[in-house]
Amino acid sequence: MRKKFSELKIDAASTAKDLEDSSTSSISGNEKPTLYVVATPIGNLEDVTLRALRILKDVDLILCEDTRHTKALLSHYEIGTPTMSYHAQSKLSKIDTIIDILKKGKNLALVSDAGTPTISDPGVLLVAKIRETFGDDISVVPIPGPSALITALSASGISSAEFTFLGFLPHKKGRETLFKEISISERTMVFYESTHRIIKALTSLKEHCRGDQVVVVARELTKMFEEVFSGNATDVLAHFENNPEKCRGEFVVIVR
Ligand code: SAM
């Protein structure tokens, strides 16, 4: 009996076989299978485009960094598309499974927990392997939307005509060298930081930066405790040391 795709159980071993039995979505308007790289909210569930919602609804399968996390978004918008996990620890065989699904002509969406997939997030290797395997026989379509670094820059008041994005700084080796580079750079420098290391990062900025350099910390963007705080490195460190409750959450740091 032909199963409805949404009723299929999705796991790495069974997915390729199950998909053989299901019908294929047709949203790309061409014959090629399509991988949509879909940006999702970085906090506020309203920050998702109409196109992203349509694609998430219409694809055959959504590849998620964490399926439980993405299900909050999907259930908010009443999207019943099946999901499968694809994350940083996924084995290489998972990529083969995904490639098999695409070979069957299925359309997939790749999302991460927040923001734009592949930007300090999993998916780069997957996209590279898919491009290598299919060449021109696949469409890889970006569906733009939120990204924390662009969101932070937009509210910082700092020129982003030219900037260098460092992603997450290394925890040990090379970390101090990067702070030295940040302190002498002519360009705006942007990096991601976590709760655990924000004070450490701001302390290093205080040690290395000149007094005329501006530091902006954008915290919990689009969420209840959103804050964009700017000043010189000394002032910014003092602000967060004096308000330990503000050291929780997610951070983008910008230095100019
Ligand atoms: N792919 C995501 C993007 O496009 O922004 C980034 C994912 S990366 C694993 C997560 C980091 O992004 C967090 O540790 C934080 O530095 C930054 N970030 C994500 N959401 C944020 C938010 N709402 N406010 C501030 N920073 C955020």
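The structure is a predicted model, in which local features need pLDDT of at least 70 and side-chain atom pairs count only at pLDDT 80 or more, while totals for chains, interfaces and linings use all residues. Residues are numbered from 1 along each chain as its sequence is written.

Start with H8, which packs against H9 (residues 233-242) at an angle of about 155°, the axes being 8 Å apart. Axes here are lines fitted to C-alpha atoms, for helices over the stretch in contact, and angles run from 0 to 180 degrees between N-to-C directions. Helices (H or I, at least four residues) and strands (E, at least two) are DSSP runs, numbered from the N terminus. H8 and H9 are therefore roughly antiparallel; angles over 145 degrees get that label, under 35 counts as roughly parallel, 65 to 115 as roughly perpendicular and the rest as oblique. The crossing of H8 with H9 is left-handed, a term used if the near helix is turned anticlockwise from the far one by less than a right angle, with right-handed used if clockwise. On the H8 side, Ile 198, Ile 199, Leu 202, Thr 203, Leu 205 and Lys 206 meet Ala 233, Thr 234, Val 236, Leu 237, Phe 240 and Glu 241 of H9, contact being C-beta atoms, placed from the backbone, within 7 Å. That contact splits into 8 nonpolar, 2 polar and 2 charged residues. Ala, Val, Leu, Ile, Met, Phe, Trp, Tyr, Cys and Pro count as nonpolar, Asp, Glu, Lys and Arg as charged, and the others, Gly among them, as polar.

H8 (residues 198-208) also meets H7 (residues 175-184): their axes come within 9 Å and cross at roughly 55°. That makes H7 oblique to H8, and the crossing is right-handed. Glu 176, Phe 179, Lys 180, Ile 182 and Ser 183 of H7 touch Ser 204, Leu 205 and His 208 of H8.

Elsewhere, H4 (residues 92-103) and H5 (residues 124-134) have axes that come within 11 Å and cross at roughly 50°. The two are therefore oblique to each other, again with a right-handed crossing. Ile 95, Ile 98, Ile 99 and Leu 102 in H4 face Leu 126, Lys 129, Ile 130 and Thr 133 in H5, giving 6 nonpolar, 1 polar and 1 charged residues.

Technical notes
Contact = placed C-beta atoms within 7 Å.
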